[in-house]
Amino acid sequence: MILGGVLNAINEVTGKKKSQKTITGSVVLMKKNVLDFNAIHATLADGFFELLGQGVTLQLVSADVADPANGNGGKLGKLESLENWNLTFTPPLAGGDSLYKVSFEWDEELGTLGAIILRNSHAAEFFLKTITLEDVPGEGRIHFLCNSWVYPDKQYKKPRVFFSNKTYLQHETPAPLRKYREEELQALRGDGTGELKEGDRVYDYALYNDLGDPDKGPEYVRPILGGSTEHPYPRRGRTSRPPSRTDPNTESRRFLPATVFNIYVPRDERFGHLKMSDFLAYNLKAFVNQIFPLLEAFVDLTPNEFDSFKEVDDLYFNGIPLPTDALNQLASDIPLDMMKEFFRTDGQQLLKFPVPQVIQDRSKPTAWRTDEEFSRELVSGVNPLLIRLLKEFPPASELDPEIYGNQSSSITKEDIEYNLEGLSVEEALRINRLFILDHHDTVIPYLRRINTTGTKTHASRTLLFLRGDSTLKPVAIELSLPHPEGDKFGVVSKVYTPAENGVEGSIWQFAKAFVAVNDCGHHQLISHWLNTHAVLEPFVIATNRQLSVVHPIYKLLQPHFRDTMSINALAREILVNADGLVETIFYPAKYSLEMSSEVYKSWNFLDQALPADLKKRGIAVDDANSPHGLRLLIQDYPYAVDGLNIWFAIEKWVRDYCLFYYKSDEVVQRDPELQAWWKELREVGHGDKKNEPWWPKMQSREELIESCTIIIWIASALHAAVNFGQYAYGGYSPNRPTLSRKFMPEKGTPEFAELESNPEKAFLKTMTSQLQTLTGISLVEVLSKHASDEVYLGQRTPNWTTDAIPLAAFETFHNRLAEIEEEILKMNVDTNLKNRAGPVNVPYTLLYPTGEVGLSGKGIPNSISI
């Protein structure tokens, strides 16, 4: 006490009276025991550290005062602890969050605050959401947007650092913060070696060498995708699992159900707890390798078959009674809450699915079978990305004739001219009235091998005529098989033309179904998996490795990466792996991912821009007098109309944002983090295509704007367009069968006789089996649902930046999306726009920005999270 009085007197004499101001702060976090009921031991250990005053400590870091003793990093404030960690009551917040207080003794020598060092001395991790400081001298309120799991400090080589929500290009970063900025990126990159464990934060790359499982037997071997000219592929996140025993180049696998979520994914990329609970509940029906073998007991006298469309309809309207033995067995394997999610609980023990939108209008129960609906779904269904203008007749092939012989189409003028409203083929071509859905060249190279599996199918070409009211009608379908004498002899093809009644009408329905089989496979493997999930993952990895959390481009893109690495890792475990659900349900079977690798050979980043895609397909042409400078040849093309509105809204937002931070092209060129990011994306993330001439050089603001717009488009609108309508259209299997088990019936065969006598039964015996149908319905129901914590385009966490102009630009973007929603609603009730709802009366809402929980069929999430 005497010594303290002497020191105070000295300070008063010398004018060094220390400020006694205290800064108060609030910390929002979520404890692990909110998520994990097995974390009680961690809670008990936490109490011990609290008694020592070492639970969770925080230190202020100066942004403008360097400390040589700290490697010229920012001067550090005094260690302070969170208050009252072990109170049984903290102010209630949403989603299991807890609010804690912390007080800092203000030191004027700190100057401006730029970061906080946080140490966790507890036994378990927690999810740190935000830190907010009040009444900071010269600053007022300061926000720290953290959203990160913080593990016990002993797991880190350096303590965790969280920056305030200011945004800096690298050269603008205050010198005392640069050390922390660089150390954070080093921690996220890792060193490329060693086993990665749950709490690690490392982002790294690997080949797709985890699809097969050679240790289970040769039938589970799959080629490694990526790293070769034969099988190029984007990179995935490294998991560091050991190699398999049989093949050192193949990563070993773990299996359902206990360890499915123990695949290494950087902890901050794993599903949040609300999303995880949704995901587990929704995924019950997707765990079909456990459930559906037990359901085989209820198949009727025709093993594994439906006998009529009414029996399929019963899945939705009446339910199918389950055998008690199977249900009891199921109940012993699956938690009660999940049982309630899967089965009705009214004592009837019925298996019953939600009614897909395509059959909800019971005034027109067979509208899905019409040619009008078949054609409409090519422009407003779940895969509206493939139809293109026909520029030559007959359609030609780009396959190498030295390998595949003559692959030209066998469709003749006589096949279609009677259906062209008086036009000749030449006239229809000249005035842009003929279009094609062409699955021929994608399927043929694999078809001979595919047909050695349980699949028996054809490659298809479908020609369509554009009517005056902007609707399409199919005028011919060509189904092809490899020549029996070898590939060099070309194909054996047969052409089918529209018919409504009798045997001819049944054959025409079969032909459309074979087209749908091709389209379903292409949709799931290429439009959906490859062109959104797989191609985006390298962007997630590179962004976290090369761009600091305070970098403007990181802040622009980060909301669009939420949960993507997690869902992709889970997909590699149960969906796209050898003998996984995709191989079980879709026609390419064991060749599924290999086929997508073949298509990736022609993938072009710039073609993913919607305007470029539409022009490449001949659907749009430049026209200064049309909206956005583009004129659609199919004016009532809901995906293109809504998509262009969304695209240009994103592009304006990105432009306004980027031009604020990058005042000239030179700033782009001299941004080392940005240049390292783009270099790594090209040379590593998409390394198999690093020498492609079309890559933007990232030397101008326009290249930056275009690239960021494409990335956001893929992650948000493109994925929404191909994902969330899967149940609406594919949940009713006859509308979009995923595979076929028999070829088109030929005259003189028992199959043809059955087609004549019982066409529905013949159809269902040719397409997906009963068990495959149930599996497919379950899968697309899971994939089509919006979770309760979805964040939609135009939404983001408050206080993400301090810069007023970007905040205002984002508000403008949000408001423009609201306007687009109103425009969509108006178009959907315009009876002149027949493709907006069609014969089945399903309005096009897949690009309506704001969604609803469950099977709403609308909403554009910010990211690929399912």
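**Buried tryptophans and aromatic pairs**

Colleague: Is W695 buried or exposed?
Modeller: W695 is buried, at 1% relative accessible area; buried means under 20%, exposed over 50%, partly exposed in between (1.4 Å probe, protein chains only). This is a predicted model, where local features need pLDDT of at least 70, side-chain atom pairs count only at pLDDT 80 or more, and totals for chains, interfaces and linings use all residues. Residues are numbered from 1 along each chain as its sequence is written, and side-chain values use heavy atoms, without hydrogens and water.

Colleague: And W678?
Modeller: W678 is buried too, with a relative accessible area of 2%.

Colleague: How many aromatic pairs are there?
Modeller: The structure holds 33 (ring centres within 6.5 Å, six-membered ring for Trp; planes under 30 degrees apart are stacked, over 60 edge-to-face, the rest tilted). One of them is Y208 with W529, edge-to-face at 6.4 Å centre to centre and 85 degrees between the planes.

Colleague: Where do those two sit?
Modeller: Y208 is in the loop between β10 (205–206) and β11 (236–237), and W529 is in helix α15. They are 321 residues apart, so the pair links distant parts of the chain. Y208 is buried at 0% relative accessibility, and W529 is buried at 5%.

Colleague: Back to W678 and W695. Why is that pair called edge-to-face?
Modeller: Because their planes stand at 85 degrees, with ring centres 5.9 Å apart. W678 belongs to helix α23 (residues 672–685) and W695 to the loop between α23 and α24, so the pair ties together parts 17 residues apart in sequence.

Colleague: Which residues make up the cluster?
Modeller: One aromatic cluster includes Y208, W529, W678 and W695, along with Y233 and F539 among others.

Definitions and conventions. Helices (H or I, at least four residues) and strands (E, at least two) are DSSP runs, numbered from the N terminus.
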